[in-house]
Amino acid sequence: MQTRRSGVHGKGVFALQDLAEGETLIEYLGQVISWKEALRRHPHDPSDPNHTFYFHIDEEHVIDAKHGGNSSRWINHSCKPNCEADETEGRVFIKALRGIQAGEELFYDYGLIIDAKYTKKLLAEYPCWCGAKSCRGTLLAPKDKKDAGKASKKSAKKSAKKSGKKADSKTVKKALESVAKKLAGKAGKKKSKKA
């Protein structure tokens, strides 16, 4: 595999040889940190706060590929991916969903999850540029078929970037607020025991 300029978005990862369906291609590496630490580090780029190298592992941990990461952090999103992210025991592996020819760019569906209602403004913050016929117009995972159709029709016109859960800024913020509440609750319990 090779990292180079992508025709879809920024940098991308390309196959240098034919890859077989089901083949494990690369591990999504980086520093495994708590969500609390992820919030402290966020955003990676203040001018583009929704672009991160975080990959959600579980409610307590996230991989920060900005620190100790490899080329997997440059794999772009597509609504019609040729790869998928597979989490196993706290590790994330990118696997081929189908045979991939030498020269093809690798993609997986980021499937970003945000609990907020999908509005035009929110969808505009997470545009998809994959160009697939089935493009839903956003990096956000569909909430249901009704929402997916709306997202696709409205955003695809304005946008021409496993199923993974690459963490976005709102996911990071929400998770870390939850951690902060839990920590505050534990601190309160400790204080009340002393009192």
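Student: Which residue in strand 9 is the bridge partner of Glu84?

Tutor: Strands of a sheet pair through backbone hydrogen bonds, either parallel or antiparallel. In this predicted model, Glu84 has Lys95 of strand 9 as its bridge partner.

Student: How many bridges join strand 8 to strand 9?

Tutor: Six, and the two strands run antiparallel. Strand 9 covers residues 91-96.

Student: In what order do the strands of the open sheet lie?

Tutor: The order is 3-9-8, with antiparallel pairing among the three strands. An edge strand pairs on one side only, and here the edges are strand 3 (24-27) and strand 8 (83-88). From one strand to the next, the twist averages 30°.

Student: Now the nonpolar core. Which residues have the most contacts inside the largest one?

Tutor: A nonpolar core is a set of buried residues joined through side-chain atoms within 4.5 Å. The largest one here has 34 residues, and Tyr28, Ile100, Leu106, Tyr108 and Leu140 have the most contacts inside it.

Student: Which elements each supply at least two residues of this core?

Tutor: Strand 3, strand 8, strand 9 and helix 2 (120-125) do. Strand 9 gives the largest share, three residues.

Student: What does Ile100 touch, not counting residues up to four places away in sequence?

Tutor: Ile100 touches Ala15, Gln17, Asp18, Leu19, Leu25, Asn82, Cys83 and Leu106. Of these, Leu106 is also listed with Ile100 among the core residues that have the most contacts.

Student: Which residues belong to the other core, apart from this one?

Tutor: That core has five residues, including Trp35, Ala38, Tyr54 and Val62.

Key. Residues numbered from 1 in each chain as written. Predicted model: local features only at pLDDT ≥ 70, side-chain atom pairs only at ≥ 80, totals over all residues. Heavy atoms only, no water. Pairing = 2+ DSSP bridges. Helix = DSSP H or I, 4+ residues; strand = E, 2+ residues; numbered from the N terminus. Axes fitted to C-alpha atoms, helices over the stretch in contact; angles between N-to-C directions. Buried < 20%, exposed > 50% of the residue type's maximum accessible area, 1.4 Å probe, protein only. Contact = heavy atoms within 4.5 Å.
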